[in-house]
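Okay, hi everyone, thanks for coming. Let me put the structure up, and then we'll walk through its core and one of its pockets.

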Amino acid sequence: MGDNTKRVEFWSREEYMNIDTHADIDETMLEDEGRVRCPETSHILYLQVKEGLRGPTCVFPNEKSGWGLNEGDGKDLVIVPAVEGRILRFPGSAMHSVPKPPHRWLLSREEEKQLRDEEKCCEEEEDDDEFYDDDEFEDEEIERSVLLFNTWSDDEPPPIGVTGDIATGALPEGIELSKEDSAAYLKSQDEQIFAEWKEDYGINFERVGSNPASEWSVIEIVHKQCDQTEPLHVSLMGMEKRRLFPKKSVQLLGPIEEIKLALTEKHQATSVYLVDDPIKTNDQTR
């Protein structure tokens, strides 16, 4: 993909959940220094998607680092369906979101508040269940499993507080070993990982990987527009120092019918053009 950066931060998520609009950042730097620093490039690899599920990723490619920092009132929005095996790649500072349910931004403010109250109750119930054996939940069907990875500039330090992977020879935080003991520890960890992969993928686990680049295809993003526009409400993640915007949500105008279709699209990526709603009704906070 033409990316030669050597530093990659990665994590995974198997739960399909609402993710408000945000940019990926160095979380510890924001907490300690109050400064927003973003990766070079962000990626989402869709590993597993439940049949019939619509859980698109929505990217605002021109809203970088925080909301409203770009010049002009217009906002490009790219809606990318979650498709198994697909890799979505976009600027690391671009704000993005996973609205759940997909039509969440089209709800009224009252409906959005009710939905957040319900989600809060569910989170509290899950906290009550945290002492149960995890084996009870192993058979739960995965709806939307993704691997997320960001590349960071080689000219700057890595994100603060993100430990190196064992594959790089890094030891977990808090562990100090001699050179000989360190080598033995890393070897044992490799053996454990290989044993798990063998159990999951069979004796040919070392061959598991992506298809050759020659078999990849780049999908076209289709632009949709319509003269008829209606309001939509986009919630922003985190405190003001993270979103770099005074309000917790923004009200925009866009081609709602086209957006509805794009949010439930199975495969095709779609872009639409939004504008700020001149009637500012988004002063409330949640």
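Let's start with Leu-252. Skipping neighbours within four places in sequence, Leu-252 is in contact (heavy atoms within 4.5 Å) with Phe-60, Trp-67, Lys-75, Glu-230, Pro-231, Leu-232, Val-234, Leu-274, Val-275, Asp-276 and Asp-277. Quick note: this is a predicted model, where local features need pLDDT of at least 70, side-chain atom pairs count only at pLDDT 80 or more, and totals for chains, interfaces and linings use all residues. Residues are numbered from 1 along each chain as its sequence is written, and side-chain values use heavy atoms, with hydrogens and water left out.

So where does Leu-252 sit? The largest nonpolar core has 23 residues, and Leu-252 is one of those touching the most other members, along with Phe-60, Trp-67, Leu-77, Leu-232, Val-234 and Leu-274. By core I mean buried Ala, Val, Leu, Ile, Met, Phe, Trp, Tyr and Cys residues joined through side-chain atoms within 4.5 Å, buried being under 20% relative accessible area with a 1.4 Å probe, protein chains only. Helix 5 gives this core the most, four residues; helices here are DSSP runs of H or I, at least four residues, and strands are E runs of at least two, numbered from the N terminus. Apart from that core there's another, of 17 residues, including Ile-19 and Val-98.

Now, which strand gives the second largest pocket the largest share of its lining? That's strand 6, with five residues. Strand 3 and strand 8 are among those supplying at least two each.

How values were computed:
Buried < 20%, exposed > 50% of the residue type's maximum accessible area, 1.4 Å probe, protein only.
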